[in-house]
Amino acid sequence: MTVISAFKFLHAADLHLDSPLLGLSGKSVDFAAAVEHASRRAFDNLVALAIAEQCRFVILAGDVFDGDLRDFKTGLYFLSGMRRLRDADIKVFLIAGNHDAENRFADKLGYSDNVHRFAHRKAETVVLDDIETVIHGRSFGQRDVSENLALGYPAPVGNVFNIGILHTACAGSEGHHALYAPCSLEQLINHGYHYWALGHVHTRAELNLHPHVIYPGNLQGRNPRETGPKGATLVEVVDGTIVSCVHRDLDEVRWVSETIDVLGAADRREILERLRARLDVIGVEAGDRSVALRLRLSGRSVLHGGLLVDRFGLRDDVEALLATLSSPVWLEKLDLGTQPLATRGEGIDPTVAGQLEGEIRRLGAAPEAAKLIDDYLAEIRVKMPAGSRTDELFDLVRAEAGGRAVEIAVSLVSEAEDARAAG
């Protein structure tokens, strides 16, 4: 058998095929429809990249599917991608993650002969003689795996390139993710493999180089916390040594969180100009992708009260600006974090203003105010459908309504005094 001295492979994880982009469908039906199949298109991009780069194999380090998805068509779509890779003579090595183990159809799919799905009872080893490489992996057998699976991985095979595939919350990289199959970075480094292909954490991270311990991140961001480029890691190996290990963007919709400081802005037009300048940069970074934008305005400003009072008008202005852009940008959320100016002008009577502000804050903190809010919410609540999302919304409104009303009232008093002094 001829030994190939150089080859490439693609490492991806957490595809979550057909997982909805959270928050889109409830706020913008049109945008949700436009990005409904974003995870599928990102998967197609993965397949196309592997073929274009003539990869020897693709590694999928868990969570190909979502645990609560029940549509078998999702599985069929995945299988079609596997067949495209087979036609290009590309093998696939995958492990089941916590979501795959929970999913009802993930282990019932009839994979093409280029796909190896590692068992869950113990770690397995697959030998690729033609490229002098061995791949070790173990699937999740159930969602809640609390044991350190890495402890059971075989010792490295001598004189060949060793890869370990592991779905894990490696210590220090858990973030918002459950502590499944925990292990330490030192443990992985000392195990003796050349490359650890990790999954579970949705943010790309190079935990170590030589040996490489890599989280590629997920293929497509699914919510406002999963910002920035998403994709897979392309690795090139020459004579048993990694010579290149680079991230490749594959996402179709880019989540972006942006903060605009309004300090010193004379009017709303100037705020929009500052936003447009940032949008130019965002557009370049996102390429031709759709962007879901979470926008926050911050800083002290004389405009604070007016922005609070006319927040819906402000949102309309921002969306009108976004409509003029060449690439699609959708306003996922507008967060007003501005504050009134810390000091007042010399012409203001501090006694009058101070008394009004004090009375407003006293009324806002009174139990009667909280009861009034609860009564209004109760009237609205009976007209809403049941569900945990609705409960979360009402809890949020209840927590913020009183404080927001006070800030609006105080800002209006301050602006009225400013206007009187200026006159």
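Colleague: With which side chain does the side chain of glutamate 332 make a polar contact?

Modeller: With that of arginine 294, at 2.8 Å. Keep in mind that this is a predicted model.

Colleague: Where does glutamate 332 lie, and is this residue buried or exposed?

Modeller: Glutamate 332 belongs to strand E15, residues 329-339. Its relative accessible area is 3%. The cut-off for buried is under 20%, so glutamate 332 counts as buried.

Colleague: How should I read the confidence, and what is the mean pLDDT of the protein?

Modeller: Where pLDDT is low, predicted coordinates should not be read in detail. Here the mean is 84, and 75% of the residues reach 70 or more. Residues 344-349 fall below 50. In the model that stretch has 12 contacts beyond near neighbours in sequence.

Colleague: Now the nonpolar cores. Which residues touch the most other members of the largest one?

Modeller: In soluble globular proteins, nonpolar side chains tend to be buried together. The largest core here has 29 residues. Leu10, Leu15, Phe43, Leu46, Leu60, Phe78 and Leu219 touch the most other members.

Colleague: Which elements give two or more residues to this core?

Modeller: Strands E1 (6-12), E2 (57-60), E3 (91-94) and E11 (231-238), with helices H2 (38-52) and H3 (72-87). H2 gives the most, six residues. Apart from this core lies another, of 26 residues, including Ile271, Leu321, Val329 and Leu331.

Colleague: Back to phenylalanine 43. What does this residue touch, leaving out residues up to four places away in sequence?

Modeller: Phenylalanine 43 touches Leu15, Leu17, Tyr77, Phe78, Gly81, Met82 and Leu219.

Methods:
Residues are numbered from 1 along each chain as its sequence is written. This is a predicted model: local features need pLDDT of at least 70, side-chain atom pairs count only at pLDDT 80 or more; totals for chains, interfaces and linings use all residues. Side-chain values use heavy atoms; hydrogens and water are left out. pLDDT is the predictor's confidence in each residue, from 0 to 100. Contact means heavy atoms within 4.5 Å. A nonpolar core is a set of buried Ala, Val, Leu, Ile, Met, Phe, Trp, Tyr and Cys residues joined through side-chain atoms within 4.5 Å. Buried means under 20% relative accessible area, exposed over 50%, partly exposed in between (1.4 Å probe, protein chains only). Helices (H or I, at least four residues) and strands (E, at least two) are DSSP runs, numbered from the N terminus. A polar contact is a pair of N or O atoms within 3.5 Å; within protein, one must be able to donate a hydrogen and the other to accept it, and residues adjacent in sequence count only if both atoms are side-chain atoms.
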